[in-house]
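Here is a short briefing on one protein chain. Keep the sequence and the 3D view open as you read.

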Amino acid sequence: MKAMYPGCFDPVTNGHIDIIKRSAKLFDEVVVLIIDNHAKAITYSLEDRRRMIEIVTKDIPNVTIDTYDGLTTDYVKRENVDVIVRGVRNLVDFEYESSLLDIFKTQGVDVESVLLCTRAEYSYLSSTVVRQHAKLGGDLSKLVPKEIEPIIKKVYN
C-alpha cells in the first residue's frame, strides 16, 4: 500500500520525523511530499527542505521524497496514492486536518486517510517553533536532528 505524507516541512522537525518513521512501519511505501503552500511564507528553499528530509530519512528504505507545486488531490490521482498520512498534535490540528481530508473527498479523490497522533514529547513542536529558536540563537538539539542544524541556522546568519 502506498502512503503519502504531505507538508511544507519548513523545516522538518523531530515530530515530522517520528510520523515518517511510524508511517514507514505501517505502509509498503511512504512518499514524503514537500509542497509549497502559497498561503504561507516559506523560509527554506525547496532544495534545502528536500536535502534536510533526505538526510533524516536516508536509512528508511521504503521512504521516498518528492516535491509538488499544485493541488495535492491531483498528485494523489496521478501517483495512485492509497493513503494520506497526517500528524496531529491537538484538537485544533485534528479539526484542521479532518477538514482538509474532507476536501479531498469533494474533489473525487478515492483515498483513505490516517491521522497519527503525535507522541507527547513532540506535542509542542512545530516548524514555527524551530524557526523562532533558530532565529534567536536558541538550542535546537531537542527540536531537530543535529545533522540538519547547519542548514536551519544558515538562513539566520
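In which helix is confidence lowest, and in which is it highest? Confidence is lowest in helix 4, at a mean of 80, and highest in helix 1, at 98. This is a predicted model, where local features need pLDDT of at least 70, side-chain atom pairs count only at pLDDT 80 or more, and totals for chains, interfaces and linings use all residues. Residues are numbered from 1 along each chain as its sequence is written, and side-chain values use heavy atoms, with hydrogens and water left out.

**Confidence**

- The score used here is pLDDT, the predictor's confidence in each residue, from 0 to 100.
- The protein chain averages a pLDDT of 92.
- In this chain, 100% of the residues score at least 70.
- Where pLDDT is low, the predicted coordinates should not be read in detail.

**Strands and crossovers**

- Helices (H or I, at least four residues) and strands (E, at least two) are DSSP runs, numbered from the N terminus.
- Two strands pair if DSSP finds at least two bridges between them.
- Strand 1 pairs with strand 2 in the parallel sense, over six bridges. Lys2 has Glu29 of strand 2 as its bridge partner.
- Strand 2 also runs parallel to strand 3 (residues 63–68), joined by six bridges. Here Leu33 stands opposite Asp66, and Ile34 stands opposite Thr67.
- Strand 1 is joined to strand 4 by two bridges, again parallel. Ala3 is partnered with Val83 of strand 4.
- Strand 4 and strand 5 make a parallel pair over six bridges. Gly87 faces Leu116 of strand 5 in this pairing.
- From strand 4 the chain crosses through helix 4 to strand 5, in a right-handed β-α-β crossover.
- Right-handed means that, with the strands pointing away from the viewer, the path from the first strand over the helix to the second runs clockwise.
- Strand 1, helix 1 and strand 2 form a right-handed β-α-β unit. Strand 2, helix 2 (residues 46–57) and strand 3 form a right-handed β-α-β unit too.

**Covered strands**

- Buried means under 20% relative accessible area, exposed over 50%, and partly exposed in between (1.4 Å probe, protein chains only).
- In strand 2 (residues 29–35), six of the seven residues are buried.
- In strand 4, six of six residues are buried.
- In a regular strand the side chains alternate between the two faces of the sheet.
- Which residues cover the two sides of strand 4? Val83, Val85 and Gly87 are buried on one side, and Ile84, Arg86 and Val88 on the other.

- Most residues other than glycine have a negative phi, and most peptide bonds are trans.
- Asp10 and Pro11 are joined by a cis peptide bond, with omega about 5°. Pro11 sits in the loop between strand 1 and helix 1.
- Phe9 has a positive phi of about 50°, although it is not a glycine. Phe9 is placed in the loop between strand 1 and helix 1.
- Is Phe9 buried or exposed? Phe9 is buried, because its relative accessible area is 3%.
- Asn80 also has a positive phi, near 55°. Asn80 lies in the loop between helix 3 and strand 4.
- Asn80 counts as exposed because its relative accessible area is 58%.

- Cys117 is in strand 5, and its relative accessible area of 54% makes it exposed.
- Cys117 and Arg89 are 28 residues apart in sequence and 6.1 Å apart in space, C-alpha to C-alpha.
- Arg119 is in the loop between strand 5 (112–117) and helix 5. Arg119 is partly exposed, at 39%.
- Arg119 and Arg89 are 30 residues apart in sequence, and their C-alpha atoms are 8.0 Å apart in space.

**The largest pocket**

- On a 1 Å grid over the protein atoms alone, a pocket is an open set of points with protein on both sides within 12 Å along at least five of seven lines, and lining residues have an atom within 4 Å of a point.
- The largest pocket is lined by 44 residues. Gly7, Lys40, Arg86, Tyr96 and Glu97 lie nearest its centre.
- Helix 4 gives the largest share of this lining, eight residues.

Conventions: 1 Å grid on protein atoms, 1.4 Å probe; cavity = no way out; pocket = protein on both sides within 12 Å on 5 of 7 lines; lining within 4 Å.
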